[in-house]
Amino acid sequence: MSALSSSGSALRDLGARCLSEFVRYSIKHKHATSRDSPQNVRALLQRLFGLAQHPSALRRLSFALAVKAAYRALREDLESIELFLLELLQKSVHALRLSEADPPSLGSADALCEVVTHLEKVLLRCLLRLCKPREDREMFQQGLIGEHGFMQWLFEACVADGARARLRCTQLLERICSQLPRDAEADPVVMYGSSRAWVKATYKTSQLPILARVHARSSEMVLSANHRNGGEAGGRSGTG
């Protein structure tokens, strides 16, 4: 853990690789009758969460490097995904919000955006499993849905401080809602299809002020992407 917070990039990378090996070893040697492995991983993540919330930009960069190194081992273990993924994603978004004013040359905000993207892919792959409540989660015991579920936190995070964090939360909300089942136990499974449909079903209205802001940010995101792609196309045609 000390190596992760080093000012030297080579030492930070070494610390991240060692941490990844520890997570991989803990998962590989766990037994069905023992909870030692989840506890080992939980203890490690608690220390990493301290880095995610640290005022130092270097510590938050260390958090991003550690998660990028360890998530490959975590994503292959469904037990770890069910227990830790939602909290890990929430802490990553929080770290991204704190990194809004970090020096661009440090790369902490970019690294945290990559972390959120990696975790998003795992979440979408395991969506149905994460809909189920688990009392042994530290956060979001209701899972994705429910009164205090991850989706309600994510919805509110779409209008919180930090432009990059808001953008990523808005993107994540829309992508989850497009695949989120109205009833995970139903057969066939019917999806919400959009964030607007999820909000209407959850809050019994589609007229919430926060919803207008979320969709305004979604529209800004689309316009910005179209403008950027148009500029790139124009540059290519100009050089041609």
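A nonpolar core is a set of buried Ala, Val, Leu, Ile, Met, Phe, Trp, Tyr and Cys residues joined through side-chain atoms within 4.5 Å. In this predicted model, the largest such core has 66 residues. The chain itself has ten helices and zero strands. Buried residues make up 45% of its 240 residues.

**The overall chain**

- Read from the N terminus, the elements run α-α-α-α-α-α-α-α-α-α.
- Take the contacts between residues at least 6 apart in sequence: 62% of them join residues at least 24 apart.
- L44 and V23 give one example of a pair separated in sequence. They are 21 residues apart along the chain, and their C-alpha atoms are 8.5 Å apart in space.
- L44 belongs to helix α2, which covers residues 36-52.
- L44 has a relative accessible area of 11%. The cut-off for buried is under 20%, so L44 counts as buried.

**The largest nonpolar core**

- Which residues have the most contacts inside the core? They are F63, L123, L144, F150 and I176.
- Helix α3, residues 57-74, gives the core its largest share, with eleven residues.
- I176 touches L123, L124 and L127, and also F150, M151 and L154. That list leaves out residues up to four places away in sequence.
- F150 and M151, both touched by I176, are among the buried residues of helix α7.

- Helix α7 spans residues 150-157 and is mostly covered. Seven of its eight residues are buried.
- The buried ones are F150, M151, Q152, W153, L154, F155 and A157.
- The axes of α7 and helix α9, residues 195-203, come within 12 Å. They cross at roughly 115°.
- This crossing of α7 and α9 is left-handed.
- Which residues meet there? M151, Q152 and F155 come from α7, while W198, V199, T202 and Y203 come from α9.
- That contact has five nonpolar residues, two polar ones and no charged ones.
- An α-helix has 3.6 residues a turn, so residues three or four places apart point the same way.
- In α7, M151 and F155 both take part in the contact with α9.

**Q90, a buried residue in α4**

- Q90 is found in helix α4, residues 78-98.
- Is Q90 buried or exposed? Its relative accessible area is 12%, so Q90 is buried.
- The side chain of Q90 makes a polar contact with the side chain of K91, at 3.2 Å.
- Q90 also touches M139, F140, F150 and W153, leaving aside residues up to four places away in sequence.
- Of these, F150 and W153 are buried residues of α7.

**S99, a buried residue in a loop**

- Where is S99? S99 lies in the loop between α4 and α5, where α5 covers 108-125.
- S99 has 1% relative accessibility, so S99 counts as buried.
- A polar atom of the S99 side chain lies 2.8 Å from the backbone oxygen of A95.
- S99 touches R60, S108, A109 and L112, not counting residues up to four places away in sequence.

Note on methods: Residues are numbered from 1 along each chain as its sequence is written. This is a predicted model: local features need pLDDT of at least 70, side-chain atom pairs count only at pLDDT 80 or more; totals for chains, interfaces and linings use all residues. Side-chain values use heavy atoms; hydrogens and water are left out. Buried means under 20% relative accessible area, exposed over 50%, partly exposed in between (1.4 Å probe, protein chains only). Helices (H or I, at least four residues) and strands (E, at least two) are DSSP runs, numbered from the N terminus. Axes are lines fitted to C-alpha atoms, for helices over the stretch in contact, and angles run from 0 to 180 degrees between N-to-C directions. A crossing is left-handed if the near helix is turned anticlockwise from the far one by less than a right angle, and right-handed if clockwise. Contact means heavy atoms within 4.5 Å. Ala, Val, Leu, Ile, Met, Phe, Trp, Tyr, Cys and Pro count as nonpolar, Asp, Glu, Lys and Arg as charged, and the others, Gly among them, as polar. A polar contact is a pair of N or O atoms within 3.5 Å; within protein, one must be able to donate a hydrogen and the other to accept it, and residues adjacent in sequence count only if both atoms are side-chain atoms.
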